[in-house]
Amino acid sequence: MKASAFAYARATSIDSALELLGAHGDRAKVLSGGQSLMPAMNLRLIAPDLIVDIGGLIELRGIMLQGTNLRIGALTRHIDILKSPEIATVAPLLGEAVAHIGHPAIRNRGTIGGSLAHADPASELPACLLALDGTVIARGRGGERRIAAIDFFKGIFQTALAADELLVAVELPVVRQGSTHFFHEFARRHGDYAIVGLAAQAVIEGGNFADLRMGFFGVADRPVLAKAASRLVNAPVTAALLADASDALGKGLDFQEDQQASAAMRRHLARVLLARCVATLLHRPELYSSGGVA
């Protein structure tokens, strides 16, 4: 299947892109790397009247440390994140997750801004943004606004971006001392969309969690920050406590069913990932075998 007919415009600046988006509203779609947009168009899941190509806007590329924050331009490609020493030092979760995105051809073209704005619930980077407590920077003709990750994702392919706004950057707080991370996804093959995945960022002090943020993806209509993780913070983690958190996770998320997996299967896999994450981060393998997964 091929995309339905559409017009094409290449933006020469951020202002020109915003002018085009303002004129055409939700009848326009932004093209950055095209690795999510073009397949959706070819399957006719979306049929925009106009494609606004922002791929030439070099001001939207780059990774910069700014005090206690890391700023990543929206057009920064996955491969650049994978190779970035700044990412490896202050946001290693992001680098590990990017290695699971598609295949080399996709990582060479796809962008962080495109992935976040597309908001596929089975995508890796939106869950990482939740786990890292990131912020999306959006720009419209009235100026910039900052959107917390927890408020950005609204549903399948839906975000808090207005039709006349452009995602221009992402900001992440530099990880704290004692921070560690976990990433794993279940997929039929490496490079396929995840059936269930988990991106987690933690701070460990004295053998316990001082902070724990778990972003699940592939489980619901959007990436989800698991409230059950709070049960494991500032408390000695025992098998009983982990089982309690696992039960809360199973009851607290609205697991989706599709051709890949039933809701029950997704619930089970999410609980497996919770136990595996906790056991890995605390270096306590016995917790995985007694983590309340049934």
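Glu171 is buried, with a relative accessible area of 8%. Buried means under 20% relative accessible area, exposed means over 50%, and partly exposed lies in between (1.4 Å probe, protein chains only). This is a predicted model: local features need pLDDT of at least 70, side-chain atom pairs count only at pLDDT 80 or more, and totals for chains, interfaces and linings use all residues. Residues are numbered from 1 along each chain as its sequence is written, and side-chain values use heavy atoms, with hydrogens and water left out.

Glu171 forms a salt bridge with Arg146. Their closest N and O atoms are 2.9 Å apart. A salt bridge here is a side-chain nitrogen of Lys or Arg within 4 Å of a carboxyl oxygen of Asp or Glu. Glu171 sits in strand S10 (residues 166-173) and Arg146 in strand S7 (residues 143-148), so the pair ties together parts that are 25 residues apart in sequence. Helices (H or I, at least four residues) and strands (E, at least two) are DSSP runs, numbered from the N terminus. Arg146 counts as exposed, at 53% relative accessibility.

## Other salt bridges

Side chains of opposite charge can pair when their charged atoms come close. The count comes to 14 salt bridges by this rule. One of them joins Asp49 and Arg27, with the closest N and O atoms 3.8 Å apart. Asp49 lies in the loop between helix H2 (37-42) and S3, and Arg27 in the loop between H1 and S2, so this pair ties together parts that are 22 residues apart in sequence. Asp49 is partly exposed at 41%. Arg27 is partly exposed too, at 39%.

Asp244 forms a salt bridge with Arg231. The closest N and O atoms are 2.8 Å apart. Asp244 belongs to helix H10 (residues 239-252), while Arg231 is in the loop between strand S14 (224-225) and H10, so the pair ties together parts that are 13 residues apart in sequence. Asp244 is partly exposed, with a relative accessible area of 34%. Arg231 is partly exposed at 41%. Salt bridges that share partners also join Arg71, Arg146 and Glu171 into one network.

## A parallel sheet

Strands of a sheet pair through backbone hydrogen bonds, either parallel or antiparallel. An open sheet of 3 strands has the order S1-S3-S2, with parallel pairing. Two strands pair if DSSP finds at least two bridges between them. Strand S1 (7-10) and strand S2 (28-31) stand at the edges with a single partner strand each, so one side of each is left without a neighbour in the sheet. The twist averages 25° from one strand to the next. Axes are lines fitted to C-alpha atoms, for helices over the stretch in contact, and angles run from 0 to 180 degrees between N-to-C directions.

S1 and strand S3 (residues 50-53) run parallel, joined by 4 bridges. In S3, Val52 is the bridge partner of Ala9.

## Helix H1 on the sheet

Helix H1 (residues 14-24) packs on the sheet and touches S1, S2 and S3. Contact means heavy atoms within 4.5 Å. The direction of H1 makes about 165° with that of S3.

Which residues of H1 are buried? They are Ile14, Ser16, Ala17, Leu18 and Leu21. What covers them includes S2, S3, strand S6 (135-140) and S10. Just after H1, Gly25 takes a positive phi of about 55°.

## Aromatic pairs

A pair of aromatic rings is described by the distance of the centres and the angle of the planes. Rings of Phe, Tyr and Trp (its six-membered ring) pair if their centres lie within 6.5 Å; planes under 30 degrees apart count as stacked, over 60 as edge-to-face and the rest as tilted. The count comes to 2 aromatic pairs. Phe152 and Phe153 have ring centres 5.0 Å apart and planes at 85°, so this pair is edge-to-face. Both Phe152 and Phe153 are buried.

The rings of Phe183 and Phe217 have centres 5.7 Å apart and planes at 20°, so this pair is stacked. Phe183 is in strand S11 (residues 179-186) and Phe217 in strand S13 (residues 208-217), 34 residues apart. Phe183 is buried at 5%, and Phe217 is buried at 0%.

## Nonpolar cores

A nonpolar core is a set of buried Ala, Val, Leu, Ile, Met, Phe, Trp, Tyr and Cys residues joined through side-chain atoms within 4.5 Å. The largest has 40 residues. H11 gives the most to this core, with 10 residues. A second, separate core of 36 residues includes Ile87, Val136, Phe153 and Phe183.
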